Amino acid sequence: MEIEVKSQNDNEMVFIVRDAEVPFINAIRRCAMVNVPKIAIEDVNIIRNDSAMFNEVLAHRLGLTPLVSDLDAIEGMSLPEDDDWDKFENGILFKLHEVGPKVVYSKDLISSDSKIKPVYDTIPLVKLKENEEIIIEASAKVGYGKEHAKWMPTIVCAYKQYPEITFNEDKEIDYDCALACPRGVLKSDRRSKKIKILDIENCSMCKSCVRASSNGYINVGYHENDFIFRIETDGAMPPKEVLLKACDVLGEKADKFIKFSEEGGSK
């Protein structure tokens with residue numbers, strides 16, 4: 001198996017996996033979405049809320065506010081499988097006390113740990129009118145995406161099989177099929193009498209070009225064991241950390257399964 005990183009930044013990573021199988025790639029995708037730990041606000045104690053927003057809606061908005069959740073931030077925190085996880089004081093405590101008129105933003109949340117704070121300062125939480133007051137205490141905890149979307153570290157985690165475009169050279173060149181491509185993957189070059197493939201990795205395999213070709217000049221398929229994988233996060237964790245942790249989790253699951261098989265099953 002070969003892996004080639006095509007692009008990578010703080011929030012997005014695109015890489016190509018060659019000589020792999022769909023079940024393996026899909027297992028990594030699922031682990032990245034639901035088995036990688038992330039920090040999010042879980043318990044909210046609303047002491048006072050004079051705003052027009054219902055308490056339940058406000059608590060939900062707080063829970064979905066991305067918090068810094070890299071490996072250094074999570075280290076030492078209780079996990080859902082720990083006995084003391086559900087205790088309010090074992091999480092990272094946040095306080096919010098504001099008086100209107102103003103828009104309360106994520107930057108107004110005061111954390112008990114300087115490392116763990118909202119990823120973005122400009123997420124609007126609630127709008128307060130004149131003399132309206134809001135007082136909140138909240139506790140952020142580590143969780144998994146399989147329990148709630150707020151703990152899901154990825155906003156995009158998807159793969160597609162590597163596209164393949166071929167031409168039937170025994171047929172007349174159909175330049176119209178290139179114009180039908182919605183992503184500009186193809187370009188008609190009448191001077192050289194051929195159709196150029198500009199960016200095959202951008203091909204969505206929609207086959208618009210195939211349908212537009214009246215004589216079946218073009219074929220669109222895919223490499224069965226090659227994949228383009230994309231991971232995008234909300235900024236709480238670097239995509240590389242998400243991928244590595246997902247692979248670790250998948251490896252641990254495989255080890256448990258092997259041990260289970262070797263021991264002949266367990267009760």
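Predicted model: local features only at pLDDT ≥ 70, side-chain atom pairs only at ≥ 80, totals over all residues.

Me: What is Ile41 in contact with, leaving aside its neighbours within four places in sequence?

Reply: Ile41 is in contact with Leu62, Gly63, Leu67, Phe94, Ala138, Ser139, Ala140 and Lys150, once those sequence neighbours are set aside.

Me: Turning to the helices, how do α1 and α6 cross?

Reply: The axes of α1 (residues 22–34) and α6 (residues 239–262) come within 8 Å of one another and cross at roughly 110°. Angles of 65 to 115 degrees count as roughly perpendicular, so α1 is roughly perpendicular to α6. The crossing of α1 past α6 is right-handed.

Me: Which residues meet there?

Reply: From α1, Phe24, Ala27, Ile28, Cys31 and Ala32 take part; they meet Val242, Leu243, Ala246, Cys247, Val249, Leu250 and Lys253 of α6. By class, the residues of this contact are eleven nonpolar, no polar and one charged.

Me: New topic: where is Leu79, and is it buried or partly exposed?

Reply: Leu79 lies in the loop between α3 and β4. Its relative accessibility is 23%, so Leu79 counts as partly exposed; buried would mean under 20%. Apart from neighbours within four places in sequence, Leu79 is in contact with Trp85, Val142 and Tyr144.

Me: How far is Leu79 from Asp176?

Reply: Their C-alpha atoms are separated by 57 Å, and the two residues are 97 residues apart along the chain.

Me: Last one, Lys160: where is it, and what is it in contact with?

Reply: Lys160 is in strand β9 (residues 154–167). Leaving aside neighbours within four places in sequence, Lys160 is in contact with Arg183, Glu201, Asn202, Cys203, Ser204, Met205, Asp226, Phe227 and Ile228. As for Met205, its C-alpha is 9.5 Å from that of Lys160, although the two are 45 residues apart in sequence.

Me: Is Lys160 buried or partly exposed?

Reply: Lys160 counts as partly exposed because its relative accessibility is 23%.

Technical notes: Residues numbered from 1 in each chain as written. Heavy atoms only, no water. Contact = heavy atoms within 4.5 Å. Axes fitted to C-alpha atoms, helices over the stretch in contact; angles between N-to-C directions. Helix = DSSP H or I, 4+ residues; strand = E, 2+ residues; numbered from the N terminus. Parallel < 35°, antiparallel > 145°, perpendicular 65-115°, else oblique. Left-handed = near helix turned anticlockwise from the far one by under 90°. Nonpolar A, V, L, I, M, F, W, Y, C, P; charged D, E, K, R; others polar. Buried < 20%, exposed > 50% of the residue type's maximum accessible area, 1.4 Å probe, protein only.
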